[in-house]
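I opened my notebook to look up a few side chains and backbone angles. Here is what I was working from.

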Amino acid sequence: MRREALLELLRKLEAGKIAPEEAADRLASLPFEDLGFAKVDHHRSLRSGMPEVILASGKTPSQVAIIFAELAASGVNVLATRASQEHYNAVRETVPAAEFHNLARCITLLQSKPEDVTGHIAVVCAGTSDLPVAEEAAITAELFGAHVTRITDVGVAGMHRLLSYLDALRAADVIVVCAGMEGALPSVVGGLVAVPVIAVPTSVGYGAAFEGVTALLSMLNACSPNITVVNIDNGFGAGYVATLIARGPQH
């Protein structure tokens, strides 16, 4: 439940538009809904400002659909990451308005769009092969209320491409940089801007890239002090944290 929805419920109760019994019924499942195989955390929006997110990987299509429908019924924006077409087919049966983002492997449902989009995030990727991770970050940030600028295919093998976006980079409140191979791009971006840079190592690269481990270690050893690093291929985590940073402390 969103804070706004809770306040609206309390206003209706105060105005006598709903009975106390009805309000009690609606609040009964507020902390969490026990589905047997999962406990859906409806309280998370009130605690952290953003609702629970579904990791579809490892769950059956039916399980994802049930959790997705429960979150949708509470009125929040819903996100399922690492989802397949089979997951989406099951979700669509109960929530027809849900959308599937094939490249990012995400299912989303936009139910409440902020009146004022808060925070500007630039999502940058080194190569086209990094796009799935970058899109996961961008979709996460957009769904939860940030303005996102996408900058793609600007890796260090052609620095002139990145430098042509310098104004856009410097206009952002926080930057997410996704890169595989040797993972050098975040260091370069970090040295060009005065905002936090969230580095995302991707599992892109040949043998000695070790499925993203090389990029991860490179980013952890970056010399630009405004860089922090999330796990390999964790576009969702980068987009989530970037949104919190971009929003600022007033939220």
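I started with a term: strands are DSSP runs of E, at least two residues long, numbered from the N terminus. With that, I placed histidine 120 in strand S7, residues 120-125. I kept in mind that the model is predicted.

**Entry 1: histidine 120**

Is histidine 120 buried or exposed? I looked up its relative accessibility and found 16%. Buried means under 20%, so histidine 120 counts as buried.

Next I listed what histidine 120 touches, leaving out residues up to four places away in sequence. I noted His147, Thr149, Ala171, Ala172, Asp173, Val174 and Ala246. I checked valine 174 again by C-alpha atoms. Histidine 120 and valine 174 are 54 residues apart along the chain, yet their C-alpha atoms are separated by 7.0 Å.

Then I turned to polar atoms. The side chain of histidine 120 makes a polar contact with the side chain of threonine 149, at 2.8 Å. I also found the backbone oxygen of alanine 171 at 3.3 Å from a polar atom of the histidine 120 side chain.

**Entry 2: aromatic pairs**

How many aromatic pairs does the structure hold? I counted three.

I took tyrosine 88 and phenylalanine 100 to begin with. Their ring centres are 5.3 Å apart and their planes stand at 15 degrees, so I wrote "stacked". Tyrosine 88 is in helix H5 (residues 85-94) and phenylalanine 100 is in strand S5 (residues 99-101), so this pair ties together parts 12 residues apart in sequence. Both residues, tyrosine 88 and phenylalanine 100, are buried.

I moved on to phenylalanine 236 and tyrosine 240. Here the centres are 5.7 Å apart and the planes are at 65 degrees, so the pair is edge-to-face. The two residues sit four apart in helix H11 (residues 235-247), which means about one helical turn separates them. Phenylalanine 236 is partly exposed at 21% relative accessible area, while tyrosine 240 is buried at 17%. I also saw that Phe144, Phe236 and Tyr240 form one aromatic cluster.

**Entry 3: positive phi**

I reminded myself that most residues other than glycine have a negative phi. Which residues did I note with a positive value? Arginine 105 has phi near 60 degrees, and aspartate 153 has phi near 55 degrees.

Arginine 105 is in the loop between S5 and strand S6 (106-109). Aspartate 153 is in the loop between strand S8 (147-151) and helix H7 (159-163). I found arginine 105 partly exposed, at 38%, and aspartate 153 partly exposed, at 32%.

Terms used. Residues are numbered from 1 along each chain as its sequence is written. This is a predicted model: local features need pLDDT of at least 70, side-chain atom pairs count only at pLDDT 80 or more; totals for chains, interfaces and linings use all residues. Side-chain values use heavy atoms; hydrogens and water are left out. Rings of Phe, Tyr and Trp (its six-membered ring) pair if their centres lie within 6.5 Å; planes under 30 degrees apart count as stacked, over 60 as edge-to-face and the rest as tilted. Buried means under 20% relative accessible area, exposed over 50%, partly exposed in between (1.4 Å probe, protein chains only). Contact means heavy atoms within 4.5 Å. A polar contact is a pair of N or O atoms within 3.5 Å; within protein, one must be able to donate a hydrogen and the other to accept it, and residues adjacent in sequence count only if both atoms are side-chain atoms.
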